[in-house]
Amino acid sequence: MTTVRIPEGWPATEEEARAVQDELRTRLILDEPGPPPGTGHVTGVDVAYDDERDVVAAAAVVLDASSLDVVAEATAVGRVSFPYVPGLLAFRELPAVLAALDALPCPSGLVVCDGYGLAHPRRFGLAGHLGVLTGLPTIGVAKNPFTFTYDDPDTPRGSSSPLLAGTEEVGRALRTRDAVKPVFVSVGHRVTLPNACAHTLALTPRYRLPETTRRADALCRKALRETAPA
């Protein structure tokens, strides 16, 4: 387990964080298709918090994309690096997530975030922010539609509908199980939306949520439990 310190110069105010978002958003690459589903590695990242101790734990779990077997995993624990502000959650999570990714012993391949990419009020959620900082292809697969609207997809697995900010499509509501509530897929960096949806379906052979998210969620919660009280 890696211990994380808040990086020097990390934004401390909402104004500073939004300025960073505005600058980094210009570096997004949205016209690359991304790796084919079912090939190479795919990595899930997730975080868990202990608000009483002001501690965050992050996990990165690498799967073989064809078999979904675990190839490698790493965790990182540190102090929460930013106050809770809707739309700026990446600043709370990224130091620990980056440390967990850095601790992996193998290439991560595509990174799947439990959250948002373009489906974000400022079009720069965690998946986009992480992608720009690392250069990795990233997508966001979220459990709810945030502030956006959508029509319910058809019942069969694989059905989808646009996730909309007004008339702008910022992602897709994607049915990963027949007649089960959809997940909400958005592009992060260096992946197209159709490919992001294809990856999500490849990662959900049995459950609503991607195996990447399920395994990273369990691991970061375990790391948080094992962290000695401050």
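These are my notebook entries on a predicted model.

**Ground rules.** I number residues from 1 along each chain as its sequence is written, and I leave hydrogens and water out, using heavy atoms for side-chain values. Because the model is predicted, local features need pLDDT of at least 70 and side-chain atom pairs count only at pLDDT 80 or more, while totals for chains, interfaces and linings use all residues.

**Sheet.** I looked up the strand order. I take helices (H or I, at least four residues) and strands (E, at least two) as DSSP runs, numbered from the N terminus. Two strands count as paired if DSSP finds at least two bridges between them. The model has an open sheet of nine strands, in the order β1-β4-β3-β2-β5-β6-β9-β8-β7. Its pairing is mixed. β1 (2-4) and β7 are the edge strands, each pairing on one side only. On average, neighbouring strands are turned by 30° against each other, direction ignored. For angles I use lines fitted to C-alpha atoms, for helices over the stretch in contact; angles run from 0 to 180 degrees between N-to-C directions.

β7 pairs with β8 (residues 168-174) in the antiparallel sense, over six bridges. Leu 164 stands opposite Glu 169 of β8.

**Helices on the sheet.** Contact here means heavy atoms within 4.5 Å. Helix α2 (residues 90-102) packs on the sheet and touches β1, β2, β3 and β4 (70-79). The direction of α2 makes about 45° with that of β3. Helix α3 (residues 126-134) also packs on the sheet, touching β2, β5 (110-113), β6 and β9 (183-189). For α3 and β6 the angle between directions is about 160°.

**Cavities.** I searched a 1 Å grid over the protein atoms alone; a cavity is a set of points where a 1.4 Å probe fits but cannot get out, and lining residues have an atom within 4 Å of a point. Points are joined across faces, edges and corners, and a volume is the space filled by probe spheres set on them. I count two cavities of 30 Å³ or more.

The largest cavity holds about 50 Å³. Its lining includes Val 4, Ile 6, Val 56, Arg 79 and Arg 92. β4 and α2 each supply at least two lining residues. The largest share, three residues, comes from α2. By class I find five nonpolar, two polar and three charged residues. Ala, Val, Leu, Ile, Met, Phe, Trp, Tyr, Cys and Pro count as nonpolar, Asp, Glu, Lys and Arg as charged, and the others, Gly among them, as polar.

The second largest cavity has a volume of about 30 Å³. Val 45, Asp 46, Val 47, Glu 93, Val 97, Asp 114 and Leu 126 line it. β2 and α2 are the elements that give two or more residues to this lining. β2 gives the largest share, three residues. The classes are four nonpolar, no polar and three charged.

**Positive phi.** Most residues other than glycine have a negative phi. I noted two residues with a positive value. Asp 54 has phi near 60°. Asp 54 lies in the loop between β2 (41-50) and β3 (55-64). Phe 146 also has phi near 60°. Phe 146 sits in the loop between β6 (138-142) and β7 (160-165).

I checked exposure too: buried means under 20% relative accessible area, exposed over 50%, partly exposed in between (1.4 Å probe, protein chains only). Asp 54 is partly exposed at 39%. Phe 146 is partly exposed at 32%.

Conventions
1 Å grid on protein atoms, 1.4 Å probe; cavity = no way out; pocket = protein on both sides within 12 Å on 5 of 7 lines; lining within 4 Å.
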